[in-house]
Amino acid sequence: MKLTMLGTGNASAFDCYNTCFLLTDENEHFLVDGGGGNGIFHQLRQENIEWIDIHNIFVTHKHMDHIFGVLWMIRMFAQAMQSNKYDDDLRIYSHREVINILRNACKAFLTPKQAKVIDDRIHLITVHDGDRFNIMHHEVQFFDIHSEKDRQFGFVFEIDENRKIACCGDEPFNERNKRYIENSDWLLHEAFCLDSQKEKFKPYEKHHSTVKDACENAEKLKAVNLILYHTEETNLKERKKLYSEEGKKYYHGNLYVPDDLEVIEM
Ligand SMILES: [Zn+2]
């Protein structure tokens with residue numbers, strides 16, 4: 001099992017791609033969010049991953065930096081299906097609001113010919129809080145992160161009987177999700193900036209965390225490994241070093257601050 005960090009940036013990223021990642025088991029992929037544009041294809045290409053090999057996509061919420069890349073994927077898949085270059089089906093999972101947006105966007109942006117594959121071969125699957133699905137022969141449970149902004153879901157992905165990956169989306173861990181997230185092998189948590197720079201970046205105004213906050217959550221939740229993402233990007237060269245230095249004061253597991261396109265073996 002491996003995780004490819006396709007993007008690590010926040011919504012206003014210029015130098016990073018927006019936060020999205022791919023979980024890969026053998027040759028099967030589970031894409032989580034698409035970033036904000038068709039740069040998703042460039043990111044995949046740099047990792048030698050064929051976009052056409054992706055069959056499962058999850059969208060956490062409706063913000064542009066997460067959903068627009070998925071619209072581009074839908075367009076490309078619809079085109080490939082129409083010209084018989086793709087034999088399989090594509091499944092896109094999200095909560096009701098996002099599924100409705102995707103459905104309306106398909107009506108608005110796809111040609112009538114392309115749109116024919118929606119519900120026929122591109123399946124828009126509504127997930128509810130606590131729903132479980134079998135995806136790539138792994139159990140995946142989706143949950144409402146109880147965002148104060150827009151409705152957003154996270155998930156728990158079982159690697160095997162004893163190990164799970166938990167993703168909190170792009171907002172801080174909420175106590176109500178403790179039962180899903182506690183004791184994860186891998187925790188994916190946003191960290192907008194260093195705690196020492198919170199006056200400059202004002203993460204709380206955007207409902208985001210500092211590195212310290214994310215690390216304290218991971219420590220409390222007994223996560224074995226912690227991956228931080230969705231960050232500011234003013235000092236990308238030093239980000240890994242600076243975030244790791246601050247984070248290690250509050251978290252004693254294995255801390256990862258990946259760059260775009262970094263691959264993590266799980
Ligand atoms: Zn975001």
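Start by selecting Asp-150 and Lys-62 in this predicted model: the two form a salt bridge, with their closest N and O atoms 3.7 Å apart. Asp-150 sits in the loop between strand E8 (138-144) and strand E9 (153-160), while Lys-62 is in the loop between E4 and H2, so this pair ties together parts that are 88 residues apart in sequence.

Glu-97 belongs to helix H3, so its pairing with Lys-62 links parts 35 residues apart in sequence. Which residues do shared partners join into one network? They are Lys-62, Glu-97 and Asp-150.

Next, select Arg-103 and Asp-119. Their salt bridge brings the closest N and O atoms to 2.7 Å apart. Arg-103 lies in helix H3 and Asp-119 in the loop between helix H4 (112-115) and E6. A search of the whole structure finds 16 salt bridges.

Now go inside. Select Met-73, Ile-92 and Ile-122, the residues with the most contacts inside the largest nonpolar core, which has 33 residues. Strand E2 (20-25), helix H1 (39-46), H2, E5, helix H3 (96-109) and strand E6 (122-126) each supply at least two residues of this core. Which element gives the largest share? That is H2, with eight residues.

Finish on the surface by selecting Glu-50, Asp-53, Asp-87 and Asp-88, which gather in a patch of negative charge. Zoom in on Asp-87, in the loop between helix H2 (64-82) and strand E5 (90-94). Is Asp-87 buried or exposed? Asp-87 is exposed, with a relative accessible area of 67%.

How values were computed
Residues are numbered from 1 along each chain as its sequence is written. This is a predicted model: local features need pLDDT of at least 70, side-chain atom pairs count only at pLDDT 80 or more; totals for chains, interfaces and linings use all residues. Side-chain values use heavy atoms; hydrogens and water are left out. Patches are made of residues with over 30% relative accessible area and no salt bridge: like charges are joined within 9 Å, nonpolar side chains (Val, Leu, Ile, Met, Phe, Trp, Tyr) within 5 Å. Accessible areas come from the Shrake-Rupley method with a 1.4 Å probe; for residues, only the protein chains shown count as cover. A salt bridge is a side-chain nitrogen of Lys or Arg within 4 Å of a carboxyl oxygen of Asp or Glu. Lys and Arg count as positive and Asp and Glu as negative; His and the chain ends are not counted. The place of a charge is taken as NZ of Lys, CZ of Arg, CG of Asp or CD of Glu. Helices (H or I, at least four residues) and strands (E, at least two) are DSSP runs, numbered from the N terminus. Buried means under 20% relative accessible area, exposed over 50%, partly exposed in between (1.4 Å probe, protein chains only). A nonpolar core is a set of buried Ala, Val, Leu, Ile, Met, Phe, Trp, Tyr and Cys residues joined through side-chain atoms within 4.5 Å.
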